[in-house]
Amino acid sequence: MNFEAAQRPDPAVPLTGDATEADLATITRNTSVYVYEAPVRLWHWINAAAILVLCVTGYLIGSPLPSVDMGEATHQFLFGYIRFAHFAAAMIMTVGFFGRIYWAFVGNSHSRQLFRLPIWNRRWWSEVVDEAKWYAFLKKRPKKYVGHNPLAQIAMFFFMTLGMSFMILTGFAIYAEAEGYGSLLDQVFGPLRDLVGGSHVMHQLHHLGMWAIVVFVMIHIYAAIREDIMSRQSMVSTIISGTRTFKDDDPT
């Protein structure tokens, strides 16, 4: 290929004059599919912010910092602000979670992946094994998926759907204590404390749940960046634009 040919754009493709034949070939290989609707993307980022606030404030509630030299305890409200931020983020996450459940009914098919696993599908299980091999560096390249791949679907179901449900229930059971025994919240969530063995156990379970979510978030970020770099499809940009871009024309 000579230099002049490399500088001559294809009139059928609206690229600048420096487009090479390799660039034009790349255009023919890339395809995009609209996957995540706006409400799903909005929920993802609001939920991520809420989880960040919850984990930071939750850690400080469970392991308070040494006394801060801001004045007498009666003249400051630092810990009160921390608790308020925790409770506010918890309410936002709870409302958002119910909104996400609603969208699973009215959104596209990909919006429902978070809440169900096709465990009776033998092909799905074979794809779980296939993805596990890819993440373990035992395969040279992964398969293409428009939505979540099967392994990611399992992680999202257990850590987000079940994990968030667990944190909401245990969190409200703890919060109900502040409302007072016999209050409406206590009547609804109080029996959960008795079920697990009391308030102290409930606090411990809620705190352990926080660390499980922290581990999941780290794995989630690692996997998203890894897949964006190594796999044949976009990841990070997809949850921003909603569009999954495939990087080659091989359908397998």
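Helices α3, α6 and α8 each supply at least two residues of the lining of the largest pocket, helices being DSSP runs (H or I, at least four residues) that are numbered from the N terminus. A pocket is found on a 1 Å grid over the protein atoms alone, as an open set of points with protein on both sides within 12 Å along at least five of seven lines, and its lining residues have an atom within 4 Å of a point. This is a predicted model, in which local features need pLDDT of at least 70, side-chain atom pairs count only at pLDDT 80 or more, and totals for chains, interfaces and linings use all residues. Residues are numbered from 1 along each chain as its sequence is written, and side-chain values use heavy atoms, with hydrogens and water left out.

**The largest pocket**
- The volume of the largest pocket is about 1,100 Å³, a volume being the space filled by probe spheres set on the grid points, which are joined across faces, edges and corners.
- Among the 42 residues that line this pocket, those closest to its centre are H44, M156, F216, H220 and I221.
- Helix α8 gives the most to this lining, with 12 residues.
- The lining divides into 31 nonpolar, eight polar and three charged residues, where Ala, Val, Leu, Ile, Met, Phe, Trp, Tyr, Cys and Pro count as nonpolar, Asp, Glu, Lys and Arg as charged, and the others, Gly among them, as polar.

**The second largest pocket**
- The second largest pocket has a volume of about 620 Å³, and of the 26 residues that line it, I61, H86, G171, I174 and H206 are the closest to its centre.
- Two or more residues of its lining come from each of α3, α4, α6 and α8.
- By class, this lining has 16 nonpolar, nine polar and one charged residues.

**Helix α8**
- The 32 residues of α8 (residues 199–230) should span 46 Å at 1.5 Å a residue, and the end C-alpha atoms are 46 Å apart, which agrees; the expected span is 1.5 Å times one less than the number of residues.
- Its buried residues (under 20% relative accessible area, with a 1.4 Å probe and protein chains only) are M202, H206, G209, M210, I213, F216, A223, R226 and E227.

**The cavity**
- The structure holds one cavity of 30 Å³ or more, a cavity being a set of points where a 1.4 Å probe fits but cannot get out.
- About 40 Å³ of space lies in this cavity, and its lining residues include E131, Y145, E227 and M235.

How values were computed:
Buried < 20%, exposed > 50% of the residue type's maximum accessible area, 1.4 Å probe, protein only.
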